[in-house]
Amino acid sequence: MGKRGLSMRRKESIYGYIFILPFIIGFIGFTAGPLLFSFAGSFTDYNITSQMEFIGVENYQTLIVEDGLFRTSLWNTLYYVLLSVPLTTLGAIFLSALLNQDVPGIRFFRTLYYLPAILSGVGVYLLWMQLLEPGTGMVNLVLGWVGIDGPNWLFDPDWTKPSLILMKLWSVGGSMLLYLASMQGVSKSLYEAAEIDGASRWRQFIHITIPMITPVIFFDVVTSLIGGFQIFQEAYIMSGNGEGGPANSLLFYNLYMWNQAFENFDMGYAMAMSWILFVIVFILTVINLKLAPRWVHYEGEDK
Amino acid sequence: MKNMKTLLITLIGLGLILSGCAGFQTSNNDKESVNEDGKIVVDFWTFWGSEIRRPVVDKIVEDFNASQDEIEVKHTYSPWGDIWTKELAAIAAGNPPDVVINDINATALRGKEQQAMNLSEFYDDSFSEKFYPELWNATLHEGDSYGIPFNTDTRVLFYNKDAFEEVGLDPEDPPETWAELEEYAAKLDVKNGNSYDRLGFYPLWGVGYDVWLLNANGENYFGPDHNTDTVNINTEKNVEVLNWLKSWKDRIGEDVVNSFQAQIDSQQGNPFFSGDLAMIVQQPTFYTQIRDYAEDLNFGVVQLPEYEEGNGHTSWGGGFVAEIPKGSSDPEAAWKFIEYLTGAESQEYWAVKNFDNVANIEAAEAAAESDELTEQGQMVYQMAVDSMEDTLLTPAPVAAPSYFNYINPQVDEFFLGSKTAEEALAKAQSDVEALIEKNQ
């Protein structure tokens with residue numbers, strides 16, 4: 001009986017597993033393992049070094065019922081996501097539409113608008129802190145030329161989050177590139193046909209360009225939504241002392257979580273926070289996926 | 001074809017065994033940490049990597065190694081943003097460094113969480129006398145020290161002597177009280193339309209509101225020895241101090257404050273160097289900037305003015321400790337190095353080379369008379385030493401870690417005008433009380 005050995009199919013599937021073994025080990029060791037550990041840890045008073053006692057749902061209960069800073073940080077993050085995602089998406093589409101024109105020197109402009117996307121990290125934040133300086137910064141200087149008395153940007157709690165969104169708009173070059181590539185892929189014959197029918201440029205944009213790039217819009221919205229919830233560095237650097245000031249207006253979810261974990265050593269609490277965030281982002285992404293068929297158009301797909 | 005199955009099982013088995021071995025090694029505390037000469041290696045982590053500080057640390061380490069037959073200290077630089085999270089991960093993994101420079105204000109908390117070792121087994125009763133008592137007390141949790149004070153700082157008032165003379169003030173008689181400070185500042189102001197050609201003083205440059213509260217109260221928000229039985233945030237005096245601080249901004253104007261602030265942030269363009277600002281509260285190390293960017297400036301330095309006569313020139317400081325992380329492979333050797341590091345000789349060397357306040361009293365006093373400093377340098381350092389006597393620290397009580405995160409936002413709202421001082425402090429008081437409640 002044993003002579004028959006394994007069928008070709010089974011053999012191949014075993015080969016397959018061997019080939020992906022490095023990934024499986026990596027996934028279990030570095031992703032699934034820590035994920036499960038943080039889930040278990042969220043029900044404890046884990047402090048990283050010396051204690052890990054089971055305390056039930058106390059962390060979750062304190063977070064939701066008592067913790068005012070938790071609510072502040074969640075509100076700040078939602079505010080930021082709700083404003084920045086639509087604005088950066090619209091900004092990127094607008095910019096790529098402009099850069100999709102056939103005018104002399106367009107390559108130069110494409111490079112110019114893409115440049116901010118290759119700069120990253122703390123350097124950019126420090127640069128923007130100088131630009132947004134209320135008294136001497138470039139932004140208020142330029143606003144002054146047209147007679148606008150600029151706000152206090154990073155020093156005024158009402159303006160801190162808009163400041164960050166402004167900074168994000170400056171660096172939409174990355175997603176602009178995706179939109180541009182997808183716009184270039186739209187068949188010229190569609191525009192020619194529309195032109196013969198007498199459609200204006202605007203109507204061509206609305207009825208041809210936008211539907212044809214919806215897959216990229218969908219991708220951009222999903223990734224920037226998730227990225228938006230992960231905002232941390234900006235607040236850590238730009239709120240001056242890293243505490244999320246002024247008046248807690250830059251205390252984002254991840255910053256508060258970081259403070260709980262590494263300033264107060266309340267890792268169990270921080271783990272509970274990360275799971276609440278995970279659930280929120282998960283639900284939003286599922287909603288996004290469910291809504292997608294209603295507006296995302298894939299070429300060559302039967303409807 | 002059975003071979004396949006065997007191979008697969010062997011592979012997985014091998015993987016498990018290997019990872020198992022690795023797991024063993026990292027949690028093995030008894031590993032031999034000796035080098036090829038048979039010396040015990042003490043792994044020493046600091047965040048001092050700048051071209052000024054690094055050579056000084058390296059020299060201290062070198063001197064220690066030269067004096068030793070059995071121990072060799074290895075200095076590792078880790079950036080400010082990483083060092084303590086790395087340390088934490090290393091402690092959790094059971095393979096930490098042996099000596100780490102860490103923040104003095106959370107030493108008790110690290111002791112409570114058992115990240116740092118209880119050092120009481122190493123020192124005797126007289127050991128603590130070498131250090132400023134306020135610094136030593138900040139390292140205690142339930143009476144035992146969890147880190148030995150290394151360096152510290154304080155806040156003093158720098159003033160422009162030429163400007164004093166110009167408006168008829170005695171340059172050798174700087175302001176002693178808050179009232180004098182206000183009076184002198186007004187005299188020193190040179191107004192030009194809506195802006196100032198010279199501003200006398202603004203209290204919130206160089207320090208925060210909390211330093212003025214500390215100066216007025218002579219103590220932090222909590223009871224003696226940083227216990228949390230009493231919380232004194234919402235007091236009449238604090239309300240008065242906050243309103244006093246705000247009155248400066250109201251008088252000078254927000255735009256003036258912002259434009260001066262931007263210049264101060266840019267360091268080289270500090271208006272104090274150009275004489276556009278007559279007085280400023282700063283750390284004593286501010287002197288090195290004056291030396292480098294404005295060597296001709298005729299300045300004096302004095303302790304912070306007192307709230308009212310006889311109230312005390314209370315100032316505020318922070319600092320760093322040398323601690324032994326829990327799980328160090330050779331705490332005895334680590335302690336020997338800490339003793340050397342916080343001893344008079346290396347402390348004086350550090351003080352003079354970096355122009356930095358040190359925790360060792362003997363070293364600090366010797367540094368103020370060091371020939372390596374200029375006359376001006378000696379004067380500033382002596383003032384720093386004098387100010388240390390009146391300097392308080394504000395370490396976080398274990399029941400109220402990062403309590404300032406609950407006070408600062410409220411005070412921000414007060415300065416922005418959306419809350420009165422009473423409202424802001426009442427909210428801060430109840431939030432901090434709730435925090436203590438939660439942690440008890």
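So, how do helix 8 of chain B and helix 9 of chain B lie relative to each other? They're oblique, since oblique is what's left after roughly parallel (under 35 degrees), roughly antiparallel (over 145) and roughly perpendicular (65 to 115).

Quick housekeeping. This is a predicted model, where local features need pLDDT of at least 70 and side-chain atom pairs count only at pLDDT 80 or more, while totals for chains, interfaces and linings use all residues. Residues are numbered from 1 along each chain, chains are lettered from A, and side-chain values use heavy atoms, with hydrogens and water left out.

Back to our pair: helix 8 (residues 209–217) and helix 9 (residues 236–252), both of chain B, have axes that come within 10 Å and cross at roughly 135°. By helix I mean a DSSP run of H or I, at least four residues. Axes are lines fitted to C-alpha atoms over the stretch in contact, with angles from 0 to 180 degrees between N-to-C directions.

Who touches whom? On the helix 8 side there's B:Tyr209 and B:Trp212, among others, and they meet a helix 9 set including B:Val241 and B:Trp244. Contact here means heavy atoms within 4.5 Å.

B:Tyr209 and B:Trp212 come up again: with B:Phe158 and B:Met279, they touch the most other members of the largest nonpolar core, which has 193 residues. A core is a set of buried (under 20% relative accessible area) Ala, Val, Leu, Ile, Met, Phe, Trp, Tyr and Cys residues joined through side-chain atoms within 4.5 Å. Its largest share, eleven residues, comes from helix 3 (residues 68–99) of chain A.

Last stop: A:Gly144 sits in helix 6 of chain A. Its C-alpha is 53 Å from that of A:Ala32.

Note on methods: Helices (H or I, at least four residues) and strands (E, at least two) are DSSP runs, numbered from the N terminus. Buried means under 20% relative accessible area, exposed over 50%, partly exposed in between (1.4 Å probe, protein chains only).
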